[in-house]
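Let's walk through this structure together, one step at a time. Have the sequence and the 3D view ready.

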Amino acid sequence: MFRALDGGGAKQSIDVDGRRVQVRAGIPLAIALLEAGVIPFRKTPVSGEPRAPVCLMGVCFECRVAVDGRSGVQACMIEVADGMSVRISSGDALAGDDADV
Ligand code: FES
């Protein structure tokens, strides 16, 4: 579904739920996770419905993950960083989850 146009460049290592993942440097975290096949990004706290990025520009809030212990981070709005620790929600509430949408 998502494929890098250049396919190369520097790599960085991030931790996703305890799994070491190599990603391209300098790209948004959401893109890095999608390229790594990480989907869904979270599940809603009430119904457990899977969610994944929709807009990739900070509008839909469907890309929220926990980054370095901070929950509710919009993955499309931050750049991936070497050593970053990402936690994908498994149904627990994230900061900013005020509705089961
Ligand atoms: S993908 Fe829509 S806010 Fe991040």
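Predicted model: local features only at pLDDT ≥ 70, side-chain atom pairs only at ≥ 80, totals over all residues.

Strand E1 (residues 11-16) and strand E2 (19-24) pair in the antiparallel sense over 6 bridges. Two strands count as paired if DSSP finds at least two bridges between them, and strands (E, at least two residues) and helices (H or I, at least four) are DSSP runs numbered from the N terminus.

Residues are numbered from 1 along each chain as its sequence is written.

Now widen the view. An open sheet of 5 strands runs in the order E2-E1-E7-E5-E6, with mixed pairing. E2 and E6 stand at the edges with a single partner strand each, so one side of each has no neighbour in the sheet.

What about the largest nonpolar core? Such a core is a set of buried Ala, Val, Leu, Ile, Met, Phe, Trp, Tyr and Cys residues joined through C-beta atoms within 7 Å; buried means 20 or more other C-beta atoms within 10 Å, exposed 12 or fewer, partly exposed in between, with C-beta atoms placed from the backbone. This core has 19 residues, and Leu-29 is among those touching the most other members. Helix H1 (29-35) and strand E5 (64-67) are the elements that give two or more residues to this core, and H1 gives the most, with 6 residues.

Finally, Gly-83 lies in the loop between strand E6 (70-74) and strand E7 (85-87). Is Gly-83 buried or exposed? Gly-83 is exposed, because 9 other C-beta atoms lie within 10 Å.
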